[in-house]
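Colleague: Could you show me how to read pockets and sheets in a model like this?

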Amino acid sequence: MLPGYEKLGGSYHSRQLVMPLEELAALRAKIIASALEAFEPDILIVDKHPAGLQGELLPALKTLTTTRLVLGLRDILDAPETALAQWYASGSHQAVREYYHRIWIYSDPRIHSPFDSGELPEELRAISDFTGYLAKGRRTLGEPDSATKNQWGRQFLTFVGAGSDGFPVAQAAVRARVPTGYQHLVCTGPDMAAEDVAALRLMVSSPAISVTSFIEHAATRIAYAAGLLTMGGYNTLCEALATDTPTLVVPRRSPRLEQQIRAQVLAECGLIDICPIEQISPAFVGDWLERCSARRVVRSRIDLDGLQHVPALASSLLTTKEGTADATDIAHRICAENLSQAV
């Protein structure tokens, strides 16, 4: 397992080890390069940062002569002008130009396209595939029995991601009134400060409300819940979109606008409800819980089958008629020609 980063005040720092950021990046780069050299993967899917954070992936990319490289991107990156500026400033365009075969975008372009919004250079569309949201297929538990279904169906759930910035949402949740006959489980996540968790527990004034740091089988629980209150992270919203559970999203607005844009787009399509984080309150949450306890939401009109589409994309990449070297040349030529014009 790699020694991790954490983001504090908009900047990355070492999470576990006491060392400067540059030394941590160098250490991680060596570990990554050694692991990939030993494993020799057929496909490497890189999340969000083509060169890795702090360029830590570049030494390994230079040695992967037979591995197919895929850049995986979520539906939303950031405000378009910010996302595009960071794309070039971070060297992402150069890394894609030199090393990558395809880009997989984990969304439905009918809902949102980072090319249409201006978050990504238009020239990259030629080597990009939209997979659909990585939504269906996340459940970790089979069909529960009828008693469990009934119990879960009388519960509301609140998730605030890892929890480091989720206190305002959790606070509104634990102080909100719960409809008669229902329970409300508020999950703080592993990273919420201990003093904030303690404060939340003291705010609980009803036996219908529980505070916990972890809820097992979350995707399955969401499917049967009476309603879900959450922030706007991609993974939790994918779990919600795969269900007909009413969902209220309170997106963060910093350090980037990713959650805000995602929530706004989905709300405009009638898939979720939204509340600005500045306006969240116990009264607002209580009113929403009352309204949503007897309704469900149809979300079948969007592509939620990304987890089923990805294997086909991977198979196509591996079984293409061109050899690895030829396919690499084609992808690199497309990127080099188009990105050079953009730059």
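Colleague: From which helix does the largest share of the lining of the second largest pocket come?

Modeller: This is a predicted model, in which local features need pLDDT of at least 70 and side-chain atom pairs count only at pLDDT 80 or more, while totals for chains, interfaces and linings use all residues. Residues are numbered from 1 along each chain as its sequence is written, and side-chain values use heavy atoms, leaving out hydrogens and water. A pocket is an open set of points on a 1 Å grid over the protein atoms alone, where a 1.4 Å probe fits, with protein on both sides within 12 Å along at least five of seven lines, and lining residues have an atom within 4 Å of a point. Here helix α3 (residues 80-89) supplies that share, three residues, helices being DSSP runs of H or I over at least four residues and strands runs of E over at least two. The whole lining counts 23 residues, with Lys48, His49, Gln86, Ser90 and Ser92 lying nearest the centre of this pocket.

Colleague: Which residues are closest to the centre of the largest pocket?

Modeller: That pocket has a volume of about 1300 Å³, and of its 34 lining residues Arg74, Ala162, Ser164, Arg252 and Arg256 are the closest to its centre. A volume is the space filled by probe spheres on grid points joined across faces, edges and corners. Strand β1 gives the most to this lining, with four residues.

Colleague: In what order do the four strands of the open sheet lie?

Modeller: Strands pair if DSSP finds at least two bridges between them; here the order is β3-β4-β5-β6, with parallel pairing. At the edges, β3 (43-47) and β6 (128-130) each pair on one side only. Five bridges join β3 to β4 (residues 68-73), and Asp47 has Gly72 of β4 as its bridge partner.
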